[in-house]
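Biologist: I am new to this one. Please take me through the labels and tell me what each rests on.
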Amino acid sequence: MTPLLTVHGVKAYYGNIVALRGVDVVVNQGEIVALIGANGAGKSTLMMTICGSPRAREGSIVYDGVDITNLPTHDIMRMSVAQAPEGRRIFPRMTVLENLQMGASTIDPKYFDDDVEQVFELFPILRQRKNQRGGTLSGGEQQMLAIARALMSRPRLLLLDEPSLGLAPLVVRQIFDVLRELNDSRGLTVFLVEQNAYHALKLADRGYVMVNGLITLTGSGRELLGHEEVRAAYLEGGAG
């Protein structure tokens, strides 16, 4: 398989506090890769470091054959990389349609109408809400909008940070079904950070487990779902 994203030996800090301790991750083209771990393990820090903030102090990040370790965030986002960050971070005072326009700001406007139609087909509720302000949507609808906004930039790599956080199980299933469909139909590569280990590993081709800023386990999604340590640490209490 062809690597699309390669993170090698990456260390990142917040002040003098080490957040990433030499992380190695590979995301191949066309894969869904999940990164799981407890709250505070460094998962979101890795996602933000890939996007240039905070900057990796050591190691390298290579995307599509280009070293992006020291590139500004806005340049990375123009390389067919899109992120739906933790906490959704939509524009609450803008309408759904205006949020989608912001997502499409790096793309030729001629694609806009077709792309809007495609995200409305993926998330039909957004069509009904298209003239509503983002801040008036439910949590699940805001997460759908955050993903839809990311898709408007026509990414090859979609970075998702905790898409299931705080959402009802039915909404979580809807969102993960859309991710599977995007991967199957478009070959979209997805790197997914999740605390919901069951849903993430069930969806993923491969997964990584992070503990205290280090990768401690890796394997296929199925292998990690069956791994004794993973089950004990992240899957107790069932498949919620």
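Biologist: Why is Lys-43 called buried?
Modeller: This is a predicted model, and the values are computed from it. Lys-43 has 4% relative accessibility. Buried means under 20%, so Lys-43 counts as buried.

Biologist: What makes the contact of Lys-43 with Glu-162 a salt bridge?
Modeller: The distance from N to O is 3.8 Å. The rule asks for a Lys or Arg nitrogen within 4 Å of an Asp or Glu carboxyl oxygen. The side chains of Lys-43 and Glu-162 therefore form a salt bridge.

Biologist: What does the pair of Lys-43 and Glu-162 tie together?
Modeller: Lys-43 lies in helix H1, residues 43-50. Glu-162 lies in the loop between strand S7 and helix H7. So the pair ties together parts that are 119 residues apart in sequence.

Biologist: Is Glu-162 buried or exposed?
Modeller: Buried, at 3% relative accessibility. The cut-off is under 20%.

Biologist: How do you know that Asp-115 and Arg-154 form a salt bridge?
Modeller: Their side chains meet at 2.9 Å, N to O. The limit is 4 Å, so the pair qualifies. Asp-115 lies in helix H4, and Arg-154 in the loop between helix H6 and S7. The pair thus ties together parts that are 39 residues apart in sequence.

Biologist: Why is Arg-154 called partly exposed?
Modeller: Its relative accessible area is 36%. Asp-115, at 6% relative accessibility, counts as buried.

Biologist: What makes Asp-184 exposed?
Modeller: Its relative accessible area is 56%. Exposed means over 50%, so the label holds for Asp-184. Asp-184 forms a salt bridge with Arg-180, the closest N and O atoms being 3.6 Å apart. The two are four residues apart in helix H7, about one helical turn. Arg-180 counts as partly exposed, at 26% relative accessibility.

Biologist: How many salt bridges does the rule give?
Modeller: The count comes to eight.

Biologist: Now the strands. How do you know that S1 and S2 pair?
Modeller: Nine bridges join S1 (residues 3-14) to S2 (residues 17-28). At least two are needed, so S1 and S2 pair. They run antiparallel and form a hairpin with two residues between them. Gly-15 in the turn has a positive phi of about 65°.

Biologist: Which strand else pairs with S1?
Modeller: S4, residues 58-63, in the antiparallel sense over five bridges. Leu-5 stands opposite Val-27 in S2. In S4, the bridge partner of Leu-5 is Tyr-63.

Methods. Residues numbered from 1 in each chain as written. Predicted model: local features only at pLDDT ≥ 70, side-chain atom pairs only at ≥ 80, totals over all residues. Heavy atoms only, no water. Buried < 20%, exposed > 50% of the residue type's maximum accessible area, 1.4 Å probe, protein only.
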